[in-house]
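User: I am new to this structure and would like to learn how to read one of its helices. Could you guide me through it?

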Amino acid sequence: MRAKVESSISSNPGVTVDVKEGVVTLSGTVATEDERMAIENSAKSADSKGVKSVVNNIVVNAPQIEINSNDVDLKAKVVDATKDFPTISTTVNDGVITVTGTLEQARVQVLKQSLDALSPKRVDMSSLVIK
């Protein structure tokens, strides 16, 4: 039974299998909750008669997002990200993007998403006037 379960989850090298009296214990790390549940389901269906239960001790360890605190690099990317927003100004200092000027409410979310995508430490829009 252990071999069946191991082969059913073989595409996940970060996961180990332990089997005792029909109880399968899964351990290790994966990137998403969906992946964690898919492995549990694979283990359950690997040997439907032999597997009594599955203990899922798999930890979801989402990849960390790298923070870009290189001001020169951020400034260049901010210029490109804000080229369609002529009514605002931006400054970059120590990885923080500060936005000033005025902007229509309907465009605030688009701007915020564009700047967040650059992975700065923070986007400060507190001085932005929203029309």
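Predicted model: local features only at pLDDT ≥ 70, side-chain atom pairs only at ≥ 80, totals over all residues.

User: Which residues of α3 (residues 71–81) are buried?

Analyst: The general idea comes first. An α-helix has 3.6 residues a turn, so residues three or four places apart point the same way. In this structure, the buried residues of α3 are D71, L74, V78 and A81. They lie on the same side of α3 because they cover an arc of only 85° around the axis.

User: What do the buried residues of α3 pack against?

Analyst: Their partners are β4 (88–93), β5 (96–103) and α4 (105–116).

User: What is found at the start of α3?

Analyst: There, N70 has a side-chain oxygen within 3.1 Å of the backbone nitrogen of V72.

User: How should I read the overall dimensions of the protein?

Analyst: One compares the radius of gyration with that of a compact globule. For 131 residues such a globule would have a value near 14 Å, whereas the protein has 24 Å. The C-alpha trace spans about 65 × 30 × 20 Å along its principal axes.

User: How many of the 131 residues, as a percentage, count as buried?

Analyst: The share is 32%, counting as buried those with under 20% relative accessible area. The protein exposes about 8000 Å², of which carbon and sulfur atoms supply 51%.

Key: Residues numbered from 1 in each chain as written. Heavy atoms only, no water. Buried < 20%, exposed > 50% of the residue type's maximum accessible area, 1.4 Å probe, protein only. Helix = DSSP H or I, 4+ residues; strand = E, 2+ residues; numbered from the N terminus. Arc of directions from axis to C-beta. Contact = heavy atoms within 4.5 Å. Polar contact = N/O pair within 3.5 Å; in protein donor to acceptor, adjacent residues only side chain to side chain. Rg over C-alpha atoms; globule rule 2.2 N^0.38 Å. Areas by Shrake-Rupley, 256 points an atom, 1.4 Å probe, with all protein chains shown as cover.
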